[in-house]
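Subject: Structure handover

Hello,

Here is the structure for you to look over. My notes on what was found follow below it.

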Amino acid sequence: MSINSLQKPGLLRRPFNLPWLFIGLIPVLLLLPLTVRDYTLNVFIIILMWAAIAGAANVLIGYTGLVCFIPPVFIGLGAYFSTWLLLNLNVTPWIGMFIAAIVTTLIALVIGFLFFRYGVGGVYFALGTVALMLISQILFVNLPWFGKSEGLYIIIRETEPLMMKFRNKLPYYYIILAVTSIVFLVSNWIYNNKPGYWLRAIRENEAAAEAVGVNLMRYKQFAIAVTAFLLAMIGTFWANFLTYFDPYSAFHWEIAGLAIIIMVAGGAGTVWGPFLGALILVPMAEIIRAQLGSTIPGFHMVVYGAVLMVVLLYLPDGFLSIATKGKRWLLKRNGVDPDAVQTNGRNVSLSELFSYAKPAPDQADSTAPATDNNIILEVSKLTRMFGGLRAVDDLSFTVRRGEVFGIIGPNGAGKTTTFNMIAGALAPTEGSIKFRGENVTGLLPHVICKQGIGRTFQVTQSFPKLTAMETVMVGSFLRHPITAHAKQRALDILEVVGLLPKANVLTENLTLADLKRLEIAKALATDPDILLLDEVISGLTEVETEEVVGLIRQINKETGVTIIMIEHVMHVIMSLCDRVLVLNFGKQIAEGTSEEVTSDPQVIEAYLGQKVEFDNA
Amino acid sequence: MITEATITLLLQAIVVGLLTGGIYALFAVGLSLILGVADIMTFVHGDFLMIAMYLTLAAVVATGAEPYVGIILVVPGMAMLAYFSFKYLPAVTKITAFPHMRQMLYMLGFSYLLQNLILMFVGARHQIISTSLTKYNFFVGDVFVSMPRLLAGVVSVILTITLMWVIKYTDLGRIIRAASQDREAASLMGINVDKTYMLTWIIGIGSLGFAGPLLAPIFAFYPIVGNYYLMIGFMCVVMGGLGNIGGALIGGIIMGVALELGNVFLPGSSGPILPFLVFVGVLVFKPEGIFGKPIRSKR
Amino acid sequence: MLKLTNIAARYGSARVLNDISMEIRDQETVAIVGSNGAGKSSLVKAIMGVLKVTDGEIHFLGNDITHLPAHTRAEMGIGIVPEGRRLFPRMTVEENLLVGGIAPRVRAKRQDSLEDIYQTFPRLKERRTQQAATLSGGEQQMLAIGRALMSHPKLVVFDEPSLGLAPKIVTEVFLTIRRISQERQMTVLLIEQNVTLSLQFSSRAYVMENGKIVISGNSQELLDNPHIKKAYLGM
C-alpha cells in the first residue's frame, strides 16, 4: 500500500479490502440456482446457511478466541421469538427477524456481562455455554407459550412474499444468499478495522491488549452482541425455511459442534475461512449421506470428527492456509519476497509523531527543584501485600516530566510489582498514585493507558499470530480510530525503532531483539506521556544494547516522553538515567543521581552482598 | 403447607439424589484426575463411559450373566483401551503440549468420531440391561429404594474413597500429586512425568470399567449419552475444584441431590435445570469451585 | 564428576548459552555467578535436562548424559535445590521429603534417610505435617535442601538459595549448606546472584555474562578482583 493512496481514507473505500473474488462470485451465485434441480438447490441453501452460521460464530469464536457452544442458543432464540411473533401477533418475519435479533442480543449482553465481568474464560466459558444450551432446551420444553416439546409449526398454504412464505424453494435461496452476504460484509468490515484488530489482540494476549488501551469487557460484549444478532437472524430464516422446529432440534449439540468444525477446518479467525469450510465440508457430508446414509447411518459425522482431528493436528490454520501458503510459494518462485514492505519509509521525525498533550521537550530539567508544575508522577506510601509478604512497602517517590528515571534493585525487590501498580495491572493494598496531578490509583490498565501511561513487559508479551505492523496498529488505534491513519502511524513507529523491513513478519517468527523493539513500538503507538520500560535490555547482545539505548535516548530527547526504566545492566543506567531509585525487599534504600546511588554503601551491599562472619573450621 | 407427602417426596429425592450423586462422583473422579493431574482437556470421558456400557451389554449377551459380573471383563477391557489410546492414538500424547483450546477441539473431534462410530455399528436405539437385582428393591418407611441404585451408589462411593486413599497415602498417589502440582519439579526429583500421565489416564478410564456395568441396568444408554454424563461430570469437577478428588465426590452428591430435587419439585420435565443453574452460578461467582484455589486473575 | 564441553542452547529464537565448557571435580564446591540474564538459570536447566542443548556434550561420572531426560539424570545422582524452592505446595513437609526419596535406588533406606534429615533439620520435624506452602521462607529452603538430600545425590545443585530471603535467613542457610556439605563430603554446584556469598562459600568459580563464561578461577582471588565490582556497579 503506497503512501499516496492514503490521502483519501474514506470510510467505505479502504476498510473493506474487497477482493475481486467476492465481486466476481456475485453473478455466479445469483444465476447458479436457476440451472439446477430442487435437490441440488436444497444443498446450496444448506451450504449457504452453514456458511452464514460459521461466519457469524467466527466473530466470537474465531476473532476473539472465545471458543464456546453458544451458537445454537442464539439461533434457537431467534427462531422461537420471531415465530412466536408470527403465530401470535401475525408479525411478518421480515420485521420479526429484527425484533427477535434485538431481544436475543440483549440476552447475549446479559450473559456476556455475567461471564466476562468475573473473568470467566477459556474452557470454563465453553462449559458454561454448554450448560446454557441445555438450560435453553429445558426451558423451551417446559414453558407453555412456545409449543413445548411439540415445537412450533409454520403453515404455508400459498405463497405470501410479505410473510416470507413461498411454495417454491428458489426465493429462500436468495434470502439466505443475502443473509450470508451480510454476514460476510460485516465480518470483513470488522476484520479490517479497529474492532477486528482489538478482538484479535484480546484473543492473542489479554494482558498485552489491556496494556495498550483495549477495553476487554466492552469489546468482548461487542463480539458476543454481533454474533448473537447475526445468528438470531439466521435462526429466523431457518425457522421459516424448515417450517417446523422443536427445542431438541433448535438447541442441538451438533449445531454447535458443526459450527466450530466448519470454522476451524476452513480457517478460524480469518474472513474467508468459515465460508471456505462450509463450501468444502457441507457438500462432502451431503454426498456421504446420500451414498451411505441408509446403509451406514452417522458415517458423515464420523468423517466430520476425523476432519476436525486431522486439521487440528496437521493443518491448524485450516484449508485457507493452503491457499495462503500456495500464494506465498508462487511469489517466492517468481523471486518476490511475500513479506516485503511496499513502502520505503517517510523518515518522519519523532516529535512530529508525538503531539498528544505534550509540552516542548526543553522543559525537562532534572536539576530544577520539583515544583507542582513539573511533577508528572507522584507515588505515595505505596504498599502491596501478597498474603503475608510485603512485596512493596510504604514506597514514595516523584518523577519529573521529561526525565529518565531508573529503578534498580536485586531480584524480588518489588520493582515489577511497583510497575504493575502504576500501570493498573495490580491494585495497591495501600497508598496512592497521582499522574499529572490526577489520582489514578487502582484504575484498570486500559484506562491508565488511555490517560497516557504506556508500558512494556519484562517477558515480552506479544500477539503471536499478528504481524509486527498489526501489533503496533493495535496500539495506534487507541488515538487513531481510522484504519488508514493507524496503519501509517504504525509504519512510522516501526521505522523509528528499526523494524520497518519486518513489518509483515508474524510476531511468532521474530527474534528476541526484534520482540524487545516491538514491545517499545507497541507502547509508543499509544502516544504515552510516561513510558514504563521493564528490563528491555535483558537478553540483548552488546551491539543490540547500544542500539536500544540510543533509541530510548532519542525518544526521550525528541518527544519529551518521561521514561521510567527498570534495569539490571548498570552501565545502561549510568548512561541514560537522570535519577535513580534503589529498592530492596520492597523498600526504598536510596534515591538520587546515578553517581550518588552507585557510591552509596548500602546499595553496594545490597547488590554485592554482605560479607558473612564465620569461623574457618 | 408442608404435608407428610411433601416430606416423603423430599426424603425420596434426597435418598435417590445421594445414590445418583455417588455414581456421578465416580465418573467425576476419573475426570478430575485426568483433567487436573494430566492436564488433558478430555472431552471423551463420557464417550468412554458409553463404550463401557456397550461392552457390558456385549458381555451380558455373550455370557448371559448379571451385568455386575461383567465388571471382571469390562475393567481390564477399559484399561487396555486406555493404554492403547494413550500410546497409539495420534497425539493423545502429543496434545498435552497443545494449548488448552486446541486440545479441547481435538478431543471434541475425537468425541464425534467415537460416538458416531458406535452409532454406525449398534444403531441409535436406547438400550438398558435388565438385572435380577430388582427383586431386592425395598422400602424404608414410605421411601422406595431401588437395589441396583443402592448397589451402584454404594460401590461408587467405596471406589471413590479407595481412590482418595490411594492418592493420599500411597507412593503412587504422591507421585501423581507431585506431578500435578509442579511438573518440572517432579521430573527434577526423578519422577517420569509422561509415564505418570499415562497411569493417570489408565486409572481414570479404567474406573469407568466399574461405572459402566453399575449404570447400565439403571439408566438407558445410547451412542450420544456420553455428552450428558460429560456435562454432569464437568459440573461436578468444577464445583469441587479442579484436581480435588474429594471435592468431585461432594460435587457429585450436590449435583445428584439438586437433580432429584428439581425432578420432584419443579414442574414438567424441567428438573435438570436446577443442577445446570447451580453450575452456572458457581462458574460465574466462584469458578475455582467450592473447594478450589482461586483461578481468576486477582488484581 | 561433571563435565560440560562446548555447550550451546537456545530458548525459542534467543541463544542463551554459547560455547560453555566447565567441570566440577569430586568433593569440590564450585560457584557460578553472574547478573540476571547472564544465563545462569539456563545453564542449570541444561545440566538438569530441562533445557535441550543444541551443541556440545555433558558427562556425569564418565557417562554421556547430554540427551537423557531430566528424571533419568536425577536417578543417576544429580540432586537439585531448585530456584524458588519449587516445593510441592499442597503436600506436607513429610510428603515432600518422601517424594525426594522415591527413586528405586534409595527407596529401601528411605525411613533412615528421613530420620537423618529430621536430625539435621529439627525444625522440619516439628512441622512435619504442615503444608509446604505455609512454611516461612527459610523453612522452605531447609525443606528443599532436605528433599534434595533424600535421594543421596552424588552432586547437589543449589540454584539461587538466597532468592527472596531476608539477610539474616540467608546467612543461616549458607552456614547450613557449608555444614552439611562438609559433614557429608558432598560435591556442590552453587548458583547465586549474591556475589560475595557465593565466592566466600566456594573453592572455584565461573563468572557468566550473556550466555558465555568470561572469567573462571579460584574464588578467593576473584573476590579481590575489581572486575566484579565493575560488572555489577558500572564503576
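In chain C, the domain assignment gives domain 1 (2-77 + 154-233) and domain 2 (86-150); such bounds come from an automatic or database domain assignment. The centres of domain 1 of chain C and domain 2 of chain C, taken over C-alpha atoms, are separated by 23 Å. Ten residues from domain 1 of chain C and seven residues from domain 2 of chain C make up the contact, where two residues are in contact if their C-beta atoms, placed from the backbone, lie within 7 Å.

This is a predicted model, in which local features need pLDDT of at least 70, side-chain atom pairs count only at pLDDT 80 or more, and totals for chains, interfaces and linings use all residues. Residues are numbered from 1 along each chain as its sequence is written, while chains are lettered from A and ligands numbered from 1 in the order in which they are written.

On the side of domain 1 of chain C that touches domain 2 of chain C, helix H2 (70-76) and helix H8 (167-183) of chain C are the elements that give two or more residues. Helices (H or I, at least four residues) are DSSP runs, numbered from the N terminus. H8(C) gives the most to this side, with four residues. By class, this side of domain 1 of chain C has seven nonpolar, one polar and two charged residues. Ala, Val, Leu, Ile, Met, Phe, Trp, Tyr, Cys and Pro count as nonpolar, Asp, Glu, Lys and Arg as charged, and the others, Gly among them, as polar.

Between chains, 39 residues of chain B are in contact with 40 residues of chain A. H4(B) gives the most to the side of chain B that touches chain A, with 15 residues.

Regards
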